[in-house]
Amino acid sequence: MAVKPLFQSAILALSMLLAPATALAKDDFTLGRTILLEHGNRGADIPVIGCRKTDAIRLKAKRRLHLKRIKVTFQNGDTRTFHFYRDMKKGAETKWQKFAYRRCVTHIEVFGNSDGSTAGVTVMGRDK
């Protein structure tokens, strides 16, 4: 009989830990991923399938890299460039770079170099 209350307590504690994480995950989504090369002078392309509406973007480094800038292209052909010029450690994220309003993103270019042979970058958007 003592097993049932212990099991219920464990389920309750687990649900309390997972609830905030799932709430954050609903707001953030992946716009795309790409790989930066060690000596890349060109931008790494991320074609966005269809049109993803977002009001801001954030980058996450999968390995150590030097991030120069990111160029975002919208559905109407307008572009927006964000300059960073900084080193990022593995797992580091940039702050949210906001647009003036929710816009439809169709293409992204990431400019930078990896510290090793390659470094992955994930570009996130948010629903708000």
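## Ground rules

The model is predicted, so local features need pLDDT of at least 70 and side-chain atom pairs count only at pLDDT 80 or more, while totals for chains, interfaces and linings use all residues. Numbering runs from 1 along each chain as its sequence is written, and side-chain values use heavy atoms, with hydrogens and water left out.

## The disulfide

The bond links C51 and C104, with an S to S distance of 1.3 Å. C51 sits in strand β2 and C104 in strand β5, so the pair ties together parts that are 53 residues apart in sequence. Strands here are DSSP runs of E, at least two residues, numbered from the N terminus.

The two cysteines get separate labels: C51 is partly exposed at 34% relative accessible area, and C104 is buried at 6%. Buried means under 20% relative accessible area, exposed over 50%, and partly exposed in between (1.4 Å probe, protein chains only).

## A61

Setting aside neighbours within four places in sequence, A61 is in contact (heavy atoms within 4.5 Å) with M88, K89, K90, G91, A92 and G120.

## T94

T94 lies in the loop between β4 (79-88) and β5 (97-114). Not counting residues up to four places away in sequence, T94 touches R58, L59, L67, F84, R86 and M88.

Note on methods
Helix = DSSP H or I, 4+ residues; strand = E, 2+ residues; numbered from the N terminus. Disulfide = S-S within 2.5 Å.
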